[in-house]
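Good morning, and thank you for making time for this presentation. I shall ask you to keep the sequence and the structure in view while I speak.

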Amino acid sequence: MPDNWTFVAAAYGLAALVFGGYWLRLGRIDRELAAVRTER
Amino acid sequence: MTTLLGWLAGLGLVAGLVMGFGVAPREVTQGNVQRIMYLHVPAVWVAYLTFTVGFAASIAYLAGRRPGADRLAHAACEVGTVFLGVNIATGAIWGKPTWGTWWTWDARLTSVAVVFVMFLAYLLLRGAIEDRERGARYGAVLSIVAALNIPLVHFSVYWWRTLHQPPSLLKPGSSTMPRVILTALLVNFAAQALLGAYFVARRARLLAAEEEAIA
Amino acid sequence: MTYARRALTVAWKDLVVERRSKETLNALLFFSLALLFVFQFALGPDRERLAAVLPGLLWLGFILSGVLGLGRAFLVERENDCWEALLLTPGDKSAIYLGKLAGSLVLMAVVETLVLALFVLFFNVDLGPALPGLALVIGLGTVAIAAVGTLFAAMTAQVRARELLFPVLLLPVLVPVLLGTVKATEALLLGEPLASVAHWLKLLVAADVVYLAIGLLTFDFILEG
C-alpha cells in the first residue's frame, strides 16, 4: 500500500489550520474586549 | 489557570506528534496514512466529552440560573463543534486514499455529520438571540435536546447500515489493536483533551468579558 | 382550571381558529399537491424507480408539510400580540405545550391522510394489508415531529430569523426519526410483517418518549420570556 504522505500532511495541516484559526479567533475577541475596557 | 492549561496542551500536542510519528510504527495494512487516526479518533472523543459537559452545564443552568453554568455550556458546545469539524474533515482526508472516496454514508461518518449539524444549529441559535438571559435558557434546552438525541442518531444510523447489509470493508482501529498504537491514541487523546479544556476555559472567560462589556 | 382543561382549551382554540381561516391547512394541502405533481413529473414513467423511492417521497412530503405547519404553531399568538398572554398564564405552562401539540397533531393527521390518499391514487399504490402497520408508523413518527416541532416553534417564535432558524433546528434533530419511519414504511410497503420492523418501532417509541419528556419538562423555561 502506498504511503500517501500528502494526505497525512493535508490532514495534520488542516487540523493545524482549524485549531490555530480558533485560537487566533479567541485572541482577536480578547483584544477587542481589552480595547473596549481601556476605552472606558 | 487557563494559561497553564494552554502550556500543558502545547506540551501534550508535541508529545502526541512524537508518539504518532516517532514511536508508533508504520501500520501493516494501511501504511503511513493510518497516522491520520491519531488526529481523527481523539477529536471525536474530545467532542463528545465536551458535549457531555455542555449537557451537564445546561441542566445546571436551568436548575440554578448561574450565568457561569451557561457560559460553560456555550463554550463547551462551541469547542465541541470545532473538534467534531476536525474529525469529519480528517476523516474525509483519510477516506480518500483508503476507500477511494471523500465521503461515504457509513454509520460512523453519517451519525457524526448529523451531530455536527445539530450543534451548528445550536451556535446559530445563540448567535440569533440578542438577549443574554433568553439565549442562555433557549440554548440550554436545545443542547439538552441535542445531547439526548445523540444515542438516537447513533442507533438509527447503525441499524440502517448494518441490518440487511454486509459490514463495510475497512474498519479503522480493529479490535485487536497493537499496544503501541493504542498508547499513541491515548497520548493524543490526552493532548487534545487538554487543548479542548484550554479552549473551553478561555472561551468561557471571554464570554464573561463580553457580557461585562455590553453591560 | 385543571391542567387537562387548560391543554384542551389551547388545542380547541387552535383548531377552531384553523377551521375558520383554514390558512395553514390550505397552505399544507396545496404544498403537498405541488410535491405530488413534481414527483410525478420527475419519476412518473419509471414505475420501478418510483416504487423504490416512494417511502422517502412520502416522508419528504410529511416532514416538509410538518415544518411548514409547525413553524406557524405560534403565529397566531405572535401576530395578535398574545405572546405576553401566554407568558402570564398561571400554573404549569406545559399544559400549553400539550394543547399546542394536540392541535398540531390533528392538523398533521388531516394533511397526512390526504397526502397518503393522493399518493395511493396518483401513484397506484396498493396499501391493503400494510395499512394498520403503516398507520402505526406514521402515528409514531408524527408524534415525534410534533413534539420537537412545538418546542422549537416556541423557541424561534421571538427570534429574528425565525423562518430560517426553525427548519435548521428541527431537521437535524429529526434525522433518526425520519430514518426509522422511512425504513419501516419501505419494509411495510414491500409486504413485510410488522414484526420485521420491531427495532424501528422501538426507536420511534423511544424518540417519542424522550421528546415528549423534554418538551413537558422544559416548556416552562421557554415561556418565561
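**Helices and contacts across the chains**

I begin with helix 3 of chain B, which has 33 residues and at 1.5 Å a residue should span 48 Å; its end C-alpha atoms lie 46 Å apart, which agrees. Please bear in mind throughout that this is a predicted model. Just after helix 3 of chain B comes Gly100(B), which takes a positive phi of about 85°.

Helix 3 of chain B also leads us to the neighbouring chain. The contact between chains A and B takes 21 residues from chain A and 25 residues from chain B. Which elements of chain B supply at least two residues each to the side that touches chain A? They are helix 3, residues 67–99, and helix 6, residues 179–214. The largest share of that side of chain B comes from helix 3, with 9 residues. By class, the side of chain B that touches chain A divides into 14 nonpolar, 6 polar and 5 charged residues.

Let me now turn to chain A itself. Its secondary structure comes to 1 helix and 0 strands. Taken along the principal axes, the C-alpha atoms of chain A fill a box of roughly 60 × 5 × 5 Å. Chain A has 40 residues, and 18% of them count as buried.

How does the helix of chain A lie against chain B? Helix 1 of chain A, residues 5–39, packs with helix 6 of chain B at an angle of about 25°, and their axes are 10 Å apart. The cut-off for roughly parallel is an angle under 35 degrees. Helix 1 of chain A and helix 6 of chain B are therefore roughly parallel to each other. Their crossing is left-handed. On the side of helix 1 of chain A, the residues that meet helix 6 of chain B include Phe19(A), Tyr22(A), Leu26(A), Ile29(A) and Leu33(A). On the side of helix 6 of chain B, the partners include Leu195(B), Phe199(B), Arg202(B), Arg203(B) and Leu206(B). As for class, this contact of helix 1 of chain A with helix 6 of chain B has 11 nonpolar residues, no polar ones and 5 charged ones. On the spacing of such residues, I would recall that an α-helix has 3.6 residues a turn, so residues three or four places apart point the same way.

Is Val180(B) buried or exposed? With 12 C-beta neighbours inside 10 Å, Val180(B) counts as exposed. Leaving aside its neighbours within four places in sequence, Val180(B) is in contact with Val23(B), Ala24(B) and Pro25(B). The C-alpha atoms of Val180(B) and Met19(B) are 8.9 Å apart, although 161 residues separate the two along the chain.

I move on to the contact between chains B and C. Here 26 residues of chain B are in contact with 25 residues of chain C. Two elements of chain B give two or more residues to this side, helix 4 (107–128) and helix 5 (132–162). Helix 5 of chain B gives the most, with 17 residues. By class, the side of chain B that touches chain C has 22 nonpolar, 2 polar and 2 charged residues.

Helix 6, residues 94–123, and helix 7, residues 131–157, of chain C pack at an angle of about 135°, with their axes 9 Å apart. These two helices of chain C are therefore oblique to each other, and their crossing is right-handed. Among the residues of helix 6 of chain C that meet helix 7 are Tyr97(C), Leu101(C), Leu105(C) and Met108(C); among those of helix 7 are Ile138(C), Ala146(C) and Gly149(C). The classes in this contact of helix 6 with helix 7 of chain C are 9 nonpolar, 4 polar and 2 charged.

Helix 7 of chain C also packs with helix 3 of chain C, residues 47–71, at an angle of about 35°, their axes being 9 Å apart. This crossing, too, is right-handed. The contact is made by Ile63(C), Gly66(C), Leu70(C) and Gly71(C) of helix 3, and by Ile145(C), Ala146(C), Gly149(C), Thr150(C) and Ala153(C) of helix 7. The residues of this contact of helix 3 with helix 7 of chain C divide into 5 nonpolar, 4 polar and no charged.

Note on methods:
Residues are numbered from 1 along each chain as its sequence is written. Chains are lettered from A and ligands numbered from 1 in the order in which they are written. This is a predicted model: local features need pLDDT of at least 70, side-chain atom pairs count only at pLDDT 80 or more; totals for chains, interfaces and linings use all residues. Two residues are in contact if their C-beta atoms, placed from the backbone, lie within 7 Å. Helices (H or I, at least four residues) and strands (E, at least two) are DSSP runs, numbered from the N terminus. Ala, Val, Leu, Ile, Met, Phe, Trp, Tyr, Cys and Pro count as nonpolar, Asp, Glu, Lys and Arg as charged, and the others, Gly among them, as polar. Axes are lines fitted to C-alpha atoms, for helices over the stretch in contact, and angles run from 0 to 180 degrees between N-to-C directions. Angles under 35 degrees count as roughly parallel, over 145 as roughly antiparallel, 65 to 115 as roughly perpendicular and the rest as oblique. A crossing is left-handed if the near helix is turned anticlockwise from the far one by less than a right angle, and right-handed if clockwise. The expected span of a helix is 1.5 Å times one less than its number of residues. A residue is buried if 20 or more other C-beta atoms lie within 10 Å of its own, exposed if 12 or fewer, and partly exposed in between; C-beta atoms are placed from the backbone.
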